[in-house]
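This report covers strand pairing and backbone angles in one protein model. The sequence and the structure come first.

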Amino acid sequence: MPVASAYRDAVALAAGAAVKNRLLRPFLPLLLPLLLAACSGNEAPRAAEFVPPTPAESDFGTLRVRYNAIPTLSLSAEVARQYGVERDAGTALVLVALRQVENGEERDADGTLKASALDLSGTRQAIDLRSVDTGDYTDHIGTARISPRNTYRFEVVVTSGGRTETVKFQRNF
């Protein structure tokens, strides 16, 4: 008989919940906004704040290193053609520029570069950089394989003017 008693209790509980649901149903549209308002802690809505991107340049004395990594799909067809890269969802363009800064003016700087990228799973890939003439300057570009919703830590070792410096930056794709 205890099984029958448990069954009766379960049916009574379900019937009671159904009655409560029928009684509360008309008040739900009124109750829901009150419950949601309680979540805000009486704070007034405020505008989103702009979060500036991390600096994409580093200065080492008079040597300025500018760097970035962007999905090649974000490039216009003309820019992709200029850089000689294919626009592809699984590829990022890695761009590094060396500039000599004198009296507030920048001029092209010579140097050798070695770059790599490390993803969240710990997979490291070497990035072959090549020089590209962009008018008054020479930039160094390469490509890295990327996957969506992954974070990559880039490391660029720069040797210029008899010194070696390392730049590290991170991008989310």
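## Strands and loops

Asn 103 lies in the loop between strand 3 (91-102) and strand 4 (105-108). Strands here are DSSP runs of E with at least two residues, numbered from the N terminus. The model is predicted: local features need pLDDT of at least 70, side-chain atom pairs count only at pLDDT 80 or more, and totals for chains, interfaces and linings use all residues. Residues are numbered from 1 along each chain as its sequence is written, and side-chain values use heavy atoms, with hydrogens and water left out.

Most residues other than glycine have a negative phi. Asn 103 is not a glycine, yet its phi is positive, at about 55 degrees. Asn 103 counts as exposed because its relative accessibility is 80%; exposed means over 50% relative accessible area, buried under 20%, and partly exposed in between, with a 1.4 Å probe and protein chains only.

Arg 149 is found in the loop between strand 8 (138-145) and strand 9 (151-160). This residue, also other than glycine, has a positive phi near 55 degrees. With 76% relative accessibility, Arg 149 counts as exposed.

Strands of a sheet pair through backbone hydrogen bonds, either parallel or antiparallel. Two strands are taken as paired if DSSP finds at least two bridges between them.

| Strand pair | Sense and bridges | Residue pair |
|---|---|---|
| Strand 3 and strand 8 | antiparallel, seven bridges | Leu 93 with Thr 143 in strand 8 |
| Strand 7 (residues 130-133) and strand 8 | antiparallel, four bridges | Asp 133 with Thr 138 in strand 8 |

Strand 7 and strand 8 form a hairpin with four residues between the strands, and in this hairpin Gly 135 takes a positive phi near 105 degrees.

In what order do the strands of the open sheet of four strands run? The order is 6-5-9-10, and the pairing is antiparallel. Strand 6 (124-127) and strand 10 (163-172) are the edge strands, each pairing on one side only. On average, neighbouring strands of this sheet are turned by 20 degrees against each other, direction ignored. For such angles, axes are lines fitted to C-alpha atoms, for helices over the stretch in contact, and angles run from 0 to 180 degrees between N-to-C directions.
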